[in-house]
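Open the structure in your viewer and keep the sequence panel beside it. The tour goes from one selection to the next.

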Amino acid sequence: VYPNDASSAQDLLSAADRTMYHAKNNGRNKVAFCSDSAHLKALGREQLLLKTRLSGAIQDNGLQVFFQPIVDGGSGAVLALEALARWPDGNGGWVSPDIFIPLAEKTGQIQELSSCIIGQGLTQLAQWRAEGLQQPLMVNISRSQLFAPNFVTMLVEQLRRCELHPQDLVLEITESVALTDYARQLRHLRQLVATGFRIAIDDFGTGYSSLSQLHEIPAQLLKIDASFSRRLNTEEGRSVMQAIVQLGHLLKLDIVAEGVESEEIARHLQQLGVRRMQGFYFSEAVPANAAGLMLRLGVTRQLNPP
């Protein structure tokens with residue numbers, strides 16, 4: 001609150017940011033006021049402690065990889081798996097990714113965190129390949145990784161050590177990241193595609209890309225942000241989704257709809273011609289053993305049961 005808590009826009013935003021983390025650490029869906037200096041100091045200590053714990057978890061391989069399936073909504077077959085970071089809190093629970101992923105980005109640890117998750121994911125993928133399972137793995141790539149001059153070389157070397165190939169991976173890059181420093185980013189993306197990687201534009205619809213930019217990005221998949229799936233219960237929401245799907249098909253991109261959390265949403269998407277779906281209706285992110293069963297057997301929920 002201005003001017004009680006800070007006298008400038010920068011200080012207000014900083015205080016609000018720390019207060020947000022404090023609210024999330026106390027169970028989310030909370031209201032917190034940045035009302036006194038003691039509270040601010042407590043927030044600073046909490047963030048410093050969390051940052052230190054996160055550094056230790058990354059260094060000691062304390063993060064875990066869970067896998068969420070991308071499903072053929074009609075048959076229930078698993079078409080791919082997305083690797084997602086999970087962090088045990090040491091007390092039988094988990095630190096929310098909504099807390100530690102933004103913290104890693106803010107503190108410059110996101111590249112190390114992503115590399116850790118990709119490394120674990122590739123090790124597991126190599127095991128699945130040895131068992132005859134051929135579905136690709138989708139991994140999230142941060143802005144700092146994409147701009148790193150040795151990123152492609154390091155990623156190819158990781159694949160080589162696991163006896164895997166670039167075609168085994170789909171690299172997910174958010175729409176906003178793909179369009180940051182557009183000309184330079186385009187060179188990086190084209191290099192990745194030339195090496196054999198497939199590119200997915202993640203969280204599509206939230207990055208304000210122009211049609212000309214979208215046309216030039218060398219992507220093969222378009223992942224529609226979950227916010228659009230949640231609005232499919234309205235006529236306006238269905239119209240917007242239909243326009244996005246038609247645009248993707250015109251650009252010859254495979255469409256993945258995120259945030260599929262009910263049969264109603266899945267049915268609407270199927271009617272719009274969307275085959276690939278991801279969300280809690282089919283499965284949440286699960287450990288590797290459960291994910292392996294899904295790769296073999298598919299998921300139990302399907303829109304067109306045999």
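Two strands count as paired if DSSP finds at least two bridges between them. The model on screen is predicted.

Select strand β6, residues 198-204. This strand is mostly covered, with 5 of its 7 residues buried. Pick A200 here: its bridge partner in β7 is L221.

Stay in strand β6 and select D203. D203 is not a glycine, yet has a positive phi of about 55 degrees. Its relative accessibility is 24%, so D203 counts as partly exposed.

Next, go to K252, in the loop between α11 (235-250) and β8 (254-257). K252 has a positive phi of about 60 degrees, and is not a glycine either. Is K252 buried or exposed? K252 is exposed, at a relative accessible area of 73%.

Move to the segment before α1 (9-25) and select P3. The peptide bond leading from Y2 to P3 is cis, with omega near 0 degrees.

Finish with the cysteines. How many disulfides does a search of the whole structure find? The search finds 0. Select C116: the nearest cysteine sulfur belongs to C162 and is 13 Å away. A disulfide needs the two sulfur atoms within 2.5 Å, so C116 is in no disulfide. C162 is likewise in no disulfide. C116 is buried, with a relative accessible area of 13%.

Definitions and conventions: Residues numbered from 1 in each chain as written. Predicted model: local features only at pLDDT ≥ 70, side-chain atom pairs only at ≥ 80, totals over all residues. Heavy atoms only, no water. Buried < 20%, exposed > 50% of the residue type's maximum accessible area, 1.4 Å probe, protein only. Helix = DSSP H or I, 4+ residues; strand = E, 2+ residues; numbered from the N terminus.
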